[in-house]
Amino acid sequence: MSKTTHDIVQFVASLDEIEGYTPLKGIHWLEFYRLQQGRSVLKWEHLDYIVGLKYCIYSPSERLFFVRHTRERFDHESVSQSLSGYLNDGNLYFMLSPEDITATTAILERVYKYYFKKQGKLRYRQYLSLLEQIILRDEYHKRNTGIFGHKSGIAQFERKINEILKS
């Protein structure tokens, strides 16, 4: 086994060495957040940062995965900036516990039921796209209310949201 642990960081040669977790390639910084339990409406205010979430950053030069955990002190801007390169390069993996998978599945089902008024489950990427567009729409609305073209901008976001729901 090539697992090495130092004071702060753990290194592994393969994600398979992290027992009890399922790797999921990261695609968006919003994956560091989870919709609050019992919530179905997607809003920034309804998201909680996932403290203790295990994730790995792959270093192509070292050919190792650096294992990390999210901490309580968090600034979403710093994570979105500092980790966006790893996400864009496909070098960030979330290590999901069985509990994480169960919680995520419940969210996908709740949000599906909210939007479609029947039982089902959103696809994970569909959920992330939907969440991103709703957050962007809400931020646009806050910053641009009363400005010429505001309603047209909101209508564009609504079209994108509807396209995501139909996909």
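# Exercises on salt bridges and a helix

The structure, a predicted model, holds 5 salt bridges.

**Exercise 1.** Find which residue forms a salt bridge with aspartate 100, and state where the two partners lie.

Solution. Step 1: the partner is arginine 34, with the closest N and O atoms 3.1 Å apart. Step 2: aspartate 100 belongs to helix α2 and arginine 34 to strand β4, so the pair links distant parts of the chain, 66 residues apart. Step 3: aspartate 100 has a relative accessible area of 13%. Buried means under 20%, so aspartate 100 is buried. Step 4: arginine 34, at 21%, is partly exposed.

**Exercise 2.** Describe the salt bridge between glutamate 45 and lysine 142.

Solution. Step 1: the closest N and O atoms of glutamate 45 and lysine 142 are 3.4 Å apart. Step 2: glutamate 45 sits in the loop between β4 and β5, and lysine 142 in helix α3, so the pair ties together parts 97 residues apart in sequence. Step 3: glutamate 45 is partly exposed at 46% relative accessibility, while lysine 142 is exposed at 52%. Step 4: Glu45 and Lys142 are linked with Glu139 in a network of salt bridges.

**Exercise 3.** Determine where the buried residues of α4 lie around its axis.

Solution. Step 1: the buried residues of α4 are His150, Gly153, Ile154, Phe157, Ile161, Ile164 and Leu165. Step 2: seen down the axis of α4, these residues fall within an arc of 120°, so they line one face of the helix. Step 3: this buried set packs against α2 and α3. Step 4: Lys151, Glu163 and Lys166, on the other side of α4, are exposed.

Notes:
Residues are numbered from 1 along each chain as its sequence is written. This is a predicted model: local features need pLDDT of at least 70, side-chain atom pairs count only at pLDDT 80 or more; totals for chains, interfaces and linings use all residues. Side-chain values use heavy atoms; hydrogens and water are left out. Buried means under 20% relative accessible area, exposed over 50%, partly exposed in between (1.4 Å probe, protein chains only). Helices (H or I, at least four residues) and strands (E, at least two) are DSSP runs, numbered from the N terminus. The arc is that of the directions from the helix axis to the C-beta atoms. Contact means heavy atoms within 4.5 Å. A salt bridge is a side-chain nitrogen of Lys or Arg within 4 Å of a carboxyl oxygen of Asp or Glu.
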